[in-house]
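Thanks for asking me to look this one over. Here are my notes, point by point, for you to follow alongside the structure.

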Amino acid sequence: MNTRPPAVAGQFYSRSAATLKTQMDKWLKVCQHATPIRAIIVPHAGYMFSGSVAAEAYRYLLPEAERIRRVILIGPSHRYYFQGCAIPAADYFETPLGQVKIDTQLVEKLKEIEDIEVSDQVHALEHCLEVQLPFLQSCLHDFTLLPLLTSNVSPTKVAKLIDTLWQGDDCLLVVSSDLSHFHSYAEAQRIDSQTCKMIDNYEPTLAPEQACGSTGINTLLLLAKQRGYTLTRKTLINSGDTDAGDKERVVGYVSYLVSEPQ
């Protein structure tokens, strides 16, 4: 059994299972949504900066825990540049809260596709997917995971790949992305506000400077518009709004729900 151990526990979030559970219990108060949630957009910074923003989307999954059995998790590769997307060969991803089972059958199918690379190395130290796992473990019950890191690939190609996978009521798409990086507080507010207007209008042309996970967001916007899904913005802040950050060089964070139309 090949398991990817946690790489950023103790850095981005607590390595203590008890502390992590207490934090999740505090953040994840049950919220209802009128229609089923099909996807969320959530940030991936350290929990002291963006954990509460991510929780504003994740809490809506709690009433749908029995329904969601498969999760597709997409984020940008921060350490490696490569062609296409990377999936792991691992059987499990691990956090202090336990193991998450990888959809190995789907991985076997995908590795035959052009622009799909199977690489445990690319996934080994990547934080953008790992920080989502304790939330998923706390919100859902029995689910499998397809972790997908993007690099040099167009949103159109990823959308074509995801469209066939993101089907059925039991499948949730999670897009991991922060917004602008290292601007002044006021400048970040201006940039991130414009970025969110583009998201609100289903404009799949975000640049990496606007959102590090722009490929995943643009992919989601293409498919959400095609399917008539509704976007609901939950929280927009930057690190300067938190106790842990200053206002000189900030990073933006946003959370969205993507749901079936009423």
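1. Asp 200 is partly exposed, because its relative accessibility is 32%; the label covers the range between buried, under 20% relative accessible area, and exposed, over 50%, using a 1.4 Å probe and protein chains only. Asp 200 makes a salt bridge with Arg 233, and their closest N and O atoms are 2.4 Å apart. A salt bridge here is a side-chain nitrogen of Lys or Arg within 4 Å of a carboxyl oxygen of Asp or Glu. The pair links distant parts of the chain, 33 residues apart: Asp 200 belongs to helix α8 (residues 185–200) and Arg 233 to strand β11 (residues 230–238). Arg 233 is partly exposed as well, with 34% relative accessibility.

2. A word on the source: this is a predicted model, in which local features need pLDDT of at least 70 and side-chain atom pairs count only at pLDDT 80 or more, while totals for chains, interfaces and linings use all residues. Residues are numbered from 1 along each chain as its sequence is written, and side-chain values use heavy atoms, leaving out hydrogens and water. Helices (H or I, at least four residues) and strands (E, at least two) are DSSP runs numbered from the N terminus.

3. How many salt bridges does the count come to? The count is 13. Side chains of opposite charge can pair when their charged atoms come close. One of the salt bridges joins Arg 227 and Asp 163, with the closest N and O atoms 2.9 Å apart. Arg 227 sits in helix α9 (residues 214–227) and Asp 163 in helix α7 (residues 155–165), so this pair ties together parts 64 residues apart in sequence. Asp 163 is partly exposed, at 22% relative accessibility.

4. Arg 59 forms a salt bridge with Glu 56, where the closest N and O atoms are 3.3 Å apart.

5. On to the aromatic rings, where the count comes to 6 pairs. Rings of Phe, Tyr and Trp (its six-membered ring) pair if their centres lie within 6.5 Å; planes under 30 degrees apart are stacked, over 60 edge-to-face, and the rest tilted. Tyr 47 and Phe 135 make a tilted pair, 5.2 Å centre to centre with 55 degrees between the planes. This pair links distant parts of the chain, since Tyr 47 is in helix α2 (residues 47–58) and Phe 135 in helix α6 (residues 133–139), 88 residues apart. Tyr 47 is buried, with a relative accessible area of 5%, and Phe 135 is buried with 1%.

6. Phe 135 also pairs with Tyr 58: their ring centres are 4.7 Å apart and their planes at 5 degrees, so this pair is stacked. Tyr 58 is buried, at 0% relative accessibility. One aromatic cluster takes in Tyr 13, Trp 27, Tyr 47, Tyr 58 and Phe 135.

7. Finally, please look at Ser 177, in the loop between β9 (171–176) and β10 (181–183). Ser 177 counts as buried because its relative accessibility is 0%. Its side chain reaches the backbone nitrogen of Gly 213 at 2.9 Å. Leaving aside residues up to four places away in sequence, Ser 177 touches (heavy atoms within 4.5 Å) several residues, including Val 42, His 44, Cys 212 and Ile 217.

How values were computed. A polar contact is a pair of N or O atoms within 3.5 Å; within protein, one must be able to donate a hydrogen and the other to accept it, and residues adjacent in sequence count only if both atoms are side-chain atoms.
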